[in-house]
Amino acid sequence: MSSVEVTDYRPSEDEPFMNPRQREYFRNKLLTWKDEILRESRVTLENLQEENQNHPDMADRASSESDRSLELRTRDRQRKLISKIDAALKRIDDGTYGYCEETGDPIGVARLDARPTATLSLEAQELHERREKVYRDE
């Protein structure tokens, strides 16, 4: 851990945006999240390897296959999330973390705390979603 102490620290709008303490807070939050996902993935892989058994009952087999398919879809979403976490960590390193990719404005501490991989401010995200809905409705 760096020299910046982050235990029991919660970033606030009252302090300078993306100061060293905030950057370290979000780095730790992202790394912890990534570690949890990787740990869950290892457990899933072990469970899938253990359950590689042939169920004599068709209903049991179908249920097992359905569970396996759902688990694999979940892991695929988490694999994509890991790449977003890695991209956020890279933005922390290069100093662009916390700033909207479209406007350059600060995203906001509350939004980043709720969604640490956010790349757009709330306003830019809403505009993006409205545009997406218009194109989808056409």
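At which residues does UniProt place the feature "zinc finger region: dksA C4-type"? The unreviewed UniProt entry assigns this feature to residues 100-124. In the structure shown, which is a predicted model, the chain over residues 100-124 is 36% helix and 0% strand, and the end C-alpha atoms of that stretch are 8 Å apart.

The description now turns to the nonpolar core. The largest such core has 19 residues, of which Phe26, Leu30, Ile85, Ile92, Tyr97 and Leu112 touch the most other members. Helix 1 (20-50) and helix 2 (58-94) each supply at least two residues of this core, and helix 2 gives the most, with six residues. In soluble globular proteins, nonpolar side chains tend to be buried together.

The whole structure contains four aromatic pairs. Tyrosine 9 belongs to the segment before helix 1 and tyrosine 25 to helix 1, 16 residues apart. Tyrosine 9 is buried, because its relative accessible area of 7% is under 20%; tyrosine 25 likewise counts as buried, at 9%.

Phenylalanine 26 and tyrosine 97 form a tilted pair, 5.6 Å centre to centre with 50° between the planes. Because phenylalanine 26 lies in helix 1 and tyrosine 97 in the loop between helix 2 and helix 3 (109-114), this pair ties together parts that are 71 residues apart in sequence. Both residues are buried. Beyond four places in sequence, the contacts of tyrosine 97 include Met18, Leu30, Ile92, Leu112 and Pro116. Ring pairs join Tyr9, Tyr25, Phe26 and Tyr97 into a cluster.

How values were computed
Residues are numbered from 1 along each chain as its sequence is written. This is a predicted model: local features need pLDDT of at least 70, side-chain atom pairs count only at pLDDT 80 or more; totals for chains, interfaces and linings use all residues. Side-chain values use heavy atoms; hydrogens and water are left out. A nonpolar core is a set of buried Ala, Val, Leu, Ile, Met, Phe, Trp, Tyr and Cys residues joined through side-chain atoms within 4.5 Å. Buried means under 20% relative accessible area, exposed over 50%, partly exposed in between (1.4 Å probe, protein chains only). Helices (H or I, at least four residues) and strands (E, at least two) are DSSP runs, numbered from the N terminus. Contact means heavy atoms within 4.5 Å. UniProt positions are given in the numbering used here, feature names are shortened, and annotations may be inferred rather than shown by experiment. Rings of Phe, Tyr and Trp (its six-membered ring) pair if their centres lie within 6.5 Å; planes under 30 degrees apart count as stacked, over 60 as edge-to-face and the rest as tilted.
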